[in-house]
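This report covers a helix pair, a ligand site and a few local backbone features. The structure comes before the text.

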Amino acid sequence: MTGPTSAHHPLGATHPLALAPVTGPASSVDGFVRQFLRNLNYERGVPLSGSSDNDRYFAFAMTVRDYLMARWLEDQRRQYELQAKSVVYLSAEYLLGPQLDNNLLASGLTDIATEAMAACGIDINDLRTQEIEPGLGNGGLGRLAACFIDSLATMSVPNTGYGIRYEYGIFRQTFVDGQQVEQPDSWLELGSPWEFPHPEASRTIPFGGHTEKYIDDDGAERTRWVPAWNVQAVPFNYMVPGYLNGRVNTLRLWSAKATNSFDLRVFNSGDYEEAVRAQTFAENISKVLYPEDSTPQGKELRLQQQYFFVAASIGDFLDNMLSDGFDLSALPDRVIFQLNDTHPVIGVPELMRVLVDERGLEWDAAWQITQKCFAYTCHTLLPEALEVWSVDLLGRLLPRHLEIIYRINDEFLAAVRERFGDDEMRIRNMSIIAEFPERSVRMAYLATVAGSKVNGVAELHSQLLRDKVLPDFNEFYPGKFTNVTNGVTPRRFLRLANPGLSALISAAIGTGWVTDLDRLRELETYAEDPVFRAAFAEVKASNKRRLGDVLRVRDGMEISDGHMLDVMVKRLHEYKRQMLKLLHVVTQYESIVSGRVAASDVQPRTVIFGAKAAPGYVMAKRIIHLINAVGSVVNADPRVEGRLKVLFPPNYNVTLAERLIPAADLSEQISLAGKEASGTGNMKFALNGALTIGTDDGANVEIRQLVGDDNFFLFGMSEPEVEDLWARGYKPAEFYQNDDNLRHAIDLIASGAFSGGDRSVFEPIVSNLLYDDRFMVLADYSSYVAAQERVDAAYADQDAWTHAAILNVARCGFFSSDRAIRDYIDRIWHTPPTR
Ligand code: 26V
């Protein structure tokens, strides 16, 4: 698609997509000032003098909001009128990041707003610092959802994102003596200027109870669900503005509230305390984002959350988005419900229940519709991450849904038998119901049976999903499996996060790249221009200074001049192998302090880690402790001063990512091959001109293919080699025995050098590596260290490094989430843009 340039103001008459604004503040500095002061006085109730930065931030945000409002209302009306096919994105997580700058950018107001604030004597940067990012996601999966709704709006595709308005998002991470301590993320404490509550559109969500058979007026046997209790789902709407196209889509997040009837019943019984308890119970549902990432725990509240938001969302769509008298057999032409991992899969039996029990459709007709209305994206390969719900729990919480799942499974297995005969092994393997270790529902299987398409999130991942995780399903449903490689929004992660590079790119090739990222290709020739290279290098240097300023204020940390910035930021998980990076750090440190390598021969590096561990993930927390412990020792040792530094700023989040990524020289993407479904951080770094050191895993494979082997530091076993080593019998201790560097590094950790002489503190890490090492850190160590030596050598030639960095930027346009959305539209959704 071709995008408008900043020369064309989105609401200005020159813009090709311009429609006259319905109402709203004038798009001028004066108009902005007037509206800002009106909001400050009438919405916040304070005068300019004597207003706090927070008041000003709110009034400012409201002014941006007001400006988008006319378009938002218009687009909601048009969506209803057009009745065009819409993407309903169902996701338990949206990791939105700060909204202010994004919404300014999308509406083309940044310059006007900055001037307007200056006219009021306000530095817009003081307002920016007031914003608290909504951390309503754990990591890649939630951030992907946020990138996708940005692209959908920018491409004018009808879309509503649905999710949960958690009162507490992902925990705030602090370190106490180097160990992670979690603090609640009370992001709503001061309110949010970006949300619009709609209590009038609340929905009642039932739970528990039992089912009954009855004979309807036509003499047919039907089932009804008699729930035991219910909860109110209150929607909060958020604007999702497209980039300079005047489009504003909606993100609708649900908040749980006790229902009045529930309260009243208990109140009438005179039990005040019980009534309050009931309220707390209901409101718990949207209280907190589960910080577990990758290992589902089968917790009841989690299933309640899932059903709560999915039932509210599907009901909302069916009741409010369809024209009167809509013929439900045409539903697949009106909507695709995209399942972001298995978290919303309970929506499958929910749609069946609504169609059959409430709307009176026959089972077969309902199943035809349902199968066309869902599509499922899988985001993992780790078997322990595939969600299952015990039949016991499901039956207690959602008895009707369990019946429906059983029937879906019966009919599915009958079809399998018809095709393959009574192959009991195959039947057991394909059953939606697992029998061991306890009777449970395999949500990924349910999604695969119900979905029109199933996709993985990178080529390698989709291939493994098809051939290793769900091969029987692939055989049974030829053509159902497909790939859509992930992408990231260039608006947030290049245009906003890296204004220096953005300006340089735009000066060279124009601004069209912001909505057409393939145009970055045009930078290839500039890579040969020494003047451009110098300018590019200066942008990187200034991004490092900017990061230095942030870390100094935020964490009292210093990054040293002239250092290579080597960055590994992502959730802490053993499969991602932060330990491998740390072993390299320890090796560098040990080789200097032991005198085997002269400090002056070492390429100076600052290594930055950012990672949250799931609060219950003990090994991950130990690794965090060790990273901090190594950092304390290394940073305090004069023998490595100026050569090696380890920084671990706490509470890595989107806000910090936007500062870190543009400053990085080296991007660490070092998961064990076959474990990282895609990765999206890897794309953000490459697009910002960091070179990657990485394994052949996830989307790394595609990054390397695009940027070329000369511009990527590949190391480690490939996925087939990993399989092969497992098959042969992996003995990590042998790698320890046979590699001096590795032995020295591990021995140093085991010696207590990083724990004040106490050998017990990190002993579990050491013995895990030596005798278990599920993610083959030791097997890939020597290859990794060798690759890091190539990195050092390459970095020594700064001009050649810059050349490679520019080629990374130029060749990664593919990783725009606009391209990913285009692929979803072509392969799965078939939802054309509207206007
Ligand atoms: C599972 C659970 C289990 C219950 C508690 C909450 C929770 C949250 C997330 C998950 C699944 C994690 C799956 C995930 O985040 N996958 C990541 O998805 C990214 C976007 O596709 C991809 O780039 C990463 O490689 C993949 O790990």
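## Helix pair, ligand site and loops

The axes of helix α2 (residues 53–82) and helix α3 (residues 100–107) come within 10 Å of each other and cross at roughly 35°. Axes are lines fitted to C-alpha atoms, for helices over the stretch in contact, with angles running from 0 to 180 degrees between N-to-C directions. Helices (H or I, at least four residues) and strands (E, at least two) are DSSP runs numbered from the N terminus.

This is a predicted model, in which local features need pLDDT of at least 70 and side-chain atom pairs count only at pLDDT 80 or more, while totals for chains, interfaces and linings use all residues. Residues are numbered from 1 along each chain as its sequence is written, and side-chain values use heavy atoms, with hydrogens and water left out.

The crossing of α2 past α3 is left-handed, that is, the near helix is turned anticlockwise from the far one by less than a right angle. On the α2 side, Tyr-57, Phe-60, Ala-61, Val-64, Tyr-67 and Leu-68 meet Leu-100, Asn-103, Leu-104 and Ser-107 of α3; contact means heavy atoms within 4.5 Å. These residues divide into eight nonpolar, two polar and no charged. Here Ala, Val, Leu, Ile, Met, Phe, Trp, Tyr, Cys and Pro count as nonpolar, Asp, Glu, Lys and Arg as charged, and the others, Gly among them, as polar.

The ligand is surrounded by 19 residues, the closest being Glu-292, His-379, Asn-486, Glu-676 and Gly-679; a residue is counted if one of its heavy atoms lies within 4 Å. By class, this shell has six nonpolar, nine polar and four charged residues. Helix α6 (residues 140–154) supplies the largest share, three residues.

| Residue | Protein atom | Distance to ligand oxygen |
|---|---|---|
| His-379 | polar side-chain atom | 2.6 Å |
| Tyr-575 | polar side-chain atom | 3.3 Å |
| Ala-677 | backbone N or O atom | 3.4 Å |

The protein covers 95% of the 590 Å² of accessible area that the ligand has on its own, by the Shrake-Rupley method with a 1.4 Å probe.

Three loop residues remain. Leu-190 sits between β6 (179–183) and β7 (195–197); leaving aside neighbours within four places in sequence, Leu-190 is in contact with Asn-54 and Phe-58. Pro-437, in the loop between β16 (433–434) and β17 (440–442), is joined to Phe-436 by a cis peptide bond with omega of about -5°. Asn-651, between β22 (644–647) and α24 (654–660), has a positive phi of about 60° although it is not a glycine.

Note on methods:
Polar contact = N/O pair within 3.5 Å; in protein donor to acceptor, adjacent residues only side chain to side chain.
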